[in-house]
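Colleague: I would like to go through the labels on this model. Please give me the value and the cut-off behind each one.

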Amino acid sequence: MSQRDRYVPVKDERDQFIKTNSRSYALEWATAAAQIVTVLCAVKGNPAWKGTLSILFFAVAFSMFYHFKEYEEKPYKQVGVVSFCIGLALLLWFGIMD
């Protein structure tokens, strides 16, 4: 057996937990950045606020879809669908009008 084969790390539950938490942490910071960009664009009169606001609605939608998958409770799915539709409408408005 070569030395390389002996030291192959095995992924365990802790690695999965760290991966999940890092994605959650990154999403929180990306959401905060999108909110700041949305406000800056709106204040400056830049129409890109519609696009960045749609990203926030998509984040809410996908978060609700994940909750629905885990808990299987209809309100999560309903809020997810509404948020997704709002995000899609804003994105289309931004894409067509500007």
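Colleague: How many aromatic pairs does a search of the whole structure find?

Modeller: Seven aromatic pairs. Keep in mind that this is a predicted model.

Colleague: Why is the pair of F58 and F84 called tilted?

Modeller: Two values decide a ring pair: the distance of the centres and the angle of the planes. The centres of F58 and F84 lie 5.4 Å apart, and the limit for a pair is 6.5 Å. So the two rings count as a pair. Their planes stand at 55 degrees. Stacked needs under 30 degrees and edge-to-face needs over 60.

Colleague: Which residues do ring pairs link into a cluster?

Modeller: F58, F62, F65 and F84.

Colleague: Is F58 buried or exposed, and how do you know?

Modeller: F58 has a relative accessibility of 15%. Buried means under 20%. Therefore F58 counts as buried.

Colleague: Why does F84 count as partly exposed?

Modeller: F84 has 29% relative accessibility. Exposed starts over 50%, and buried is under 20%. The value for F84 falls in between, so F84 is partly exposed.

Colleague: What makes S54 buried?

Modeller: The relative accessible area of S54 is 0%. That is under the 20% cut-off, so S54 is buried. S54 is found in helix α3. Leaving aside neighbours within four places in sequence, S54 is in contact with G87, L90 and L91.

Colleague: Why is α3 called roughly antiparallel to α4?

Modeller: Helix α3 covers residues 49–71 and helix α4 covers residues 74–97. They pack at an angle of about 160 degrees, with their axes 7 Å apart. Over 145 degrees counts as roughly antiparallel. Therefore α3 is roughly antiparallel to α4.

Colleague: What is the hand of the crossing of α3 and α4?

Modeller: Left-handed. By class, the contact of α3 with α4 has 21 nonpolar, six polar and three charged residues.

Colleague: How many helices and strands does the chain have?

Modeller: Four helices and zero strands. From the N terminus on, the order is α-α-α-α. The chain has 98 residues, of which 17% count as buried.

How values were computed
Residues are numbered from 1 along each chain as its sequence is written. This is a predicted model: local features need pLDDT of at least 70, side-chain atom pairs count only at pLDDT 80 or more; totals for chains, interfaces and linings use all residues. Side-chain values use heavy atoms; hydrogens and water are left out. Axes are lines fitted to C-alpha atoms, for helices over the stretch in contact, and angles run from 0 to 180 degrees between N-to-C directions. Helices (H or I, at least four residues) and strands (E, at least two) are DSSP runs, numbered from the N terminus. Angles under 35 degrees count as roughly parallel, over 145 as roughly antiparallel, 65 to 115 as roughly perpendicular and the rest as oblique. A crossing is left-handed if the near helix is turned anticlockwise from the far one by less than a right angle, and right-handed if clockwise. Ala, Val, Leu, Ile, Met, Phe, Trp, Tyr, Cys and Pro count as nonpolar, Asp, Glu, Lys and Arg as charged, and the others, Gly among them, as polar. Buried means under 20% relative accessible area, exposed over 50%, partly exposed in between (1.4 Å probe, protein chains only). Contact means heavy atoms within 4.5 Å. Rings of Phe, Tyr and Trp (its six-membered ring) pair if their centres lie within 6.5 Å; planes under 30 degrees apart count as stacked, over 60 as edge-to-face and the rest as tilted.
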